[in-house]
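Visitor: I have a new model open and would like to go through it slowly with you. Can we start once it is on the screen?

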Amino acid sequence: MEQLYQQLILDHAKHPAHRGEQEAYDVEVHHVNPTCGDEVTLRVRVDGGSIAELTWTGQGCSISQASASVMAQAVTGRPVDQALGLSGEFRELMDSRGELPDRWADRADDEDDPLGDAVAFVGVARYPARIKCALLGWSAMKDAVSQAAATEETR
C-alpha cells in the first residue's frame, strides 16, 4: 500500500491539478517553507461562500507540490467552511505520525471521500521535517480563503 501511496504522490507532482495562474481572483497569497525553501503562490476566487476557482504555482519537493495539487482538487467548488474543515482533517492526518487514524481506515477506499488522494500522505507524517512540506499548500489555502471570504462579506 505504501508503494501505491508513493506513486500517487509522484503522479500528482508530475501532473498537478489546478496548477496555473487564473486571471480573475479575489486574493493571491505566497507562502514559503523556510526550512527547505519550498514555495507556493495561490490565487482564489470565492463566490457565494464557495471556492469558485483556485489555482496555484510553486516550486519545491514532490511532497509540497503533490500536496498542493491534492488540496486544490479537494477544495475547489466546495463551501469555504467545508474547505477549512478539510484542512483540519488533513492536519489531523499529518499529526498521526504515520498511523492512519481509525476514522480514516474506512475512507482509504472511498472514491467519494472529499479528501480524495490526501490519504496517500499518511507515510509523510512519519517524517516531522516533511510535514511542513505537505502542509504548505493547505496553509496557503486557509490564508487565501479566509481573506477572500472576508472580502466577499464586505462587498
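Visitor: About how much space lies in the largest cavity?
Guide: The largest cavity holds about 30 Å³ of space, where a cavity is a set of points on a 1 Å grid over the protein atoms alone at which a 1.4 Å probe fits but cannot get out. The volume is the space filled by probe spheres set on points joined across faces, edges and corners. Please keep in mind that this is a predicted model, in which local features need pLDDT of at least 70 and side-chain atom pairs count only at pLDDT 80 or more, while totals for chains, interfaces and linings use all residues. Residues are numbered from 1 along each chain as its sequence is written, and side-chain values use heavy atoms, with hydrogens and water left out.

Visitor: How many cavities of 30 Å³ or more does the count come to?
Guide: The count comes to 1 cavity of 30 Å³ or more.

Visitor: And which residues line the largest cavity?
Guide: The lining, meaning residues with an atom within 4 Å of a point, consists of Gly 20, Glu 21, Glu 28, Thr 41, Leu 42, Arg 43, Thr 55, Trp 56 and Thr 57. Strand 2 (39-47) and strand 3 (50-59) each supply at least two residues of this lining, strands being DSSP runs of E with at least two residues and helices runs of H or I with at least four, numbered from the N terminus.

Visitor: How do those residues divide into nonpolar, polar and charged?
Guide: The lining of the largest cavity has 2 nonpolar, 4 polar and 3 charged residues; Ala, Val, Leu, Ile, Met, Phe, Trp, Tyr, Cys and Pro count as nonpolar, Asp, Glu, Lys and Arg as charged, and the others, Gly among them, as polar.

Visitor: How do strand 2 and strand 3 pair, parallel or antiparallel?
Guide: They pair in the antiparallel sense over 9 bridges, and two strands pair if DSSP finds at least two bridges between them. Across this pairing, Thr 41 stands opposite Thr 57, Val 40 opposite Gly 58, and Arg 45 opposite Glu 53. The two strands form a hairpin with 2 residues between them, and Gly 48 in the turn has a positive phi of about 60°.

Visitor: What order do the strands have in the open sheet?
Guide: The open sheet has 3 strands in the order 1-2-3, with antiparallel pairing, and its edge strands are strand 1 (27-32) and strand 3, each of which pairs on one side only. Strand 1 is joined to strand 2 by 6 bridges, with Val 32 standing opposite Glu 39. Strand 1 and strand 2 also form a hairpin, this one with 6 residues between them and with Gly 37 in the turn at a positive phi of about 90°.

Visitor: Changing topic: at roughly what angle do the axes of helix 1 and helix 2 cross?
Guide: The axes of helix 1 (residues 2-14) and helix 2 (residues 62-75) cross at roughly 80° and come within 8 Å, which means that helix 1 is roughly perpendicular to helix 2, a label for angles of 65 to 115 degrees. Axes here are lines fitted to C-alpha atoms over the stretch in contact, and angles run from 0 to 180 degrees between N-to-C directions.

Visitor: Which residues make that contact?
Guide: Helix 1 contributes Ile 9, Leu 10, His 12 and Ala 13, and helix 2 contributes Ser 62, Ile 63, Ala 66, Ser 69, Val 70 and Gln 73, where contact means heavy atoms within 4.5 Å. These residues divide into 6 nonpolar, 4 polar and no charged.

Visitor: What volume does the largest pocket have?
Guide: The largest pocket has a volume of about 280 Å³, a pocket being an open set with protein on both sides within 12 Å along at least five of seven lines. Of the 16 residues that line the largest pocket, Glu 2, Gln 6, Ile 9, Gly 123 and Val 124 are the closest to its centre. Helix 1 gives the largest share of the lining, 5 residues.

Technical notes:
Angles under 35 degrees count as roughly parallel, over 145 as roughly antiparallel, 65 to 115 as roughly perpendicular and the rest as oblique.
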